[in-house]
Amino acid sequence: MKRLPMLFITASLGFALVGCQTDDHSEYSQVDHSLMMGDIQEETSSKDVLPVFLDEYAEVIQTIYAEVPYYRELLETMPCYCGCGESVGHRSSYDCFVAEHSDDGPFTWDDHGAKCGVCLEIANTAMHLLDEGKDPEDIRNLIDEQYKDGYAPPTDTPMPGDKI
């Protein structure tokens, strides 16, 4: 999947201004989903059906969510530096967006990534760099270098090529 460079630039600038936050989720009472440590988890029929909770978010965030399932292998080797490893037990950037998955059935989304600029930026950067032909190990090293200072400890994420 190729995205326009402008999407990457716009998203990166916007995400730099946004941090993880908690929201009042009362407007979701009509949708069947659960809460995990303040994050909404919503099941859809497949990875191609986005969750209703994304309706209130910008199109760029919806676009990132739509692409995440197709970059699972990459994102499961990218750490997150927002603190979600300690606070909600995430193991990788992928977990910030997807709680449970199947290849051809129900898909459970997590709204954690939609509320967190760090999560969005890491996933978007990793997907964009892979589209440009960068090696997953090089992407991981870039992410680790970029977030090593001033961010929460990274999730306990295997390196690209390691068995998950």
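Q: Which residues does Leu75 touch, leaving aside those up to four places away in sequence?
A: Let's start inside this predicted model. Leu75 is among the residues with the most contacts inside the largest nonpolar core. Not counting residues up to four places away in sequence, Leu75 touches Val68, Ser92, Ser93, Tyr94, Ala123, Ala126 and Met127.

Q: Which element gives the most to the largest nonpolar core?
A: This core has 34 residues, and Tyr65, Val68, Met78 and Phe97 are among those with the most contacts inside it. Helix H2 (59-67), helix H3 (72-75), strand E4 (107-110), H5 and helix H6 (136-147) each supply at least two of its residues. The element that gives the most, with eight residues, is H5.

Q: Is His128 buried or exposed?
A: His128 belongs to helix H5, which spans residues 117-131. Its side chain makes a polar contact of 2.9 Å with the side chain of Glu132. Buried means a relative accessible area under 20%. His128 has a relative accessibility of 7%, so His128 counts as buried.

Q: Where do the buried residues Ile61, Ile64, Tyr65 and Glu67 lie around the axis of H2?
A: Ile61, Ile64, Tyr65 and Glu67 are buried in H2. They cover an arc of only 165° around the axis, so they lie on the same side of H2.

Q: Which residue of E4 is the bridge partner of Thr44?
A: Strand E2 covers residues 39-44, and five of its six residues are buried. E2 pairs with E4 in the antiparallel sense, over four bridges. In E4, the bridge partner of Thr44 is Phe107.

Q: How do the planes of Phe107 and Trp109 sit in their aromatic pair, stacked or tilted?
A: The model has six aromatic pairs by the ring-centre rule. In the one formed by Phe107 and Trp109, the rings are 4.8 Å apart centre to centre, with 55° between the planes. Phe107 is buried, with a relative accessible area of 1%, and Trp109 is buried as well, at 0%. The pair is tilted.

Q: What kind of aromatic pair do Tyr147 and Tyr151 form?
A: Their rings are 4.7 Å apart centre to centre, with 65° between the planes. Tyr147 counts as buried at 1% relative accessibility, whereas Tyr151 is partly exposed at 39%. Planes over 60 degrees apart count as edge-to-face, so with 65° between the planes the Tyr147 and Tyr151 pair is edge-to-face.

Methods. Residues numbered from 1 in each chain as written. Predicted model: local features only at pLDDT ≥ 70, side-chain atom pairs only at ≥ 80, totals over all residues. Heavy atoms only, no water. Buried < 20%, exposed > 50% of the residue type's maximum accessible area, 1.4 Å probe, protein only. Polar contact = N/O pair within 3.5 Å; in protein donor to acceptor, adjacent residues only side chain to side chain. Core = buried A, V, L, I, M, F, W, Y, C linked by side-chain atoms within 4.5 Å. Contact = heavy atoms within 4.5 Å. Pairing = 2+ DSSP bridges. Arc of directions from axis to C-beta. Phe/Tyr/Trp six-rings, centres within 6.5 Å; stacked < 30°, edge-to-face > 60°.
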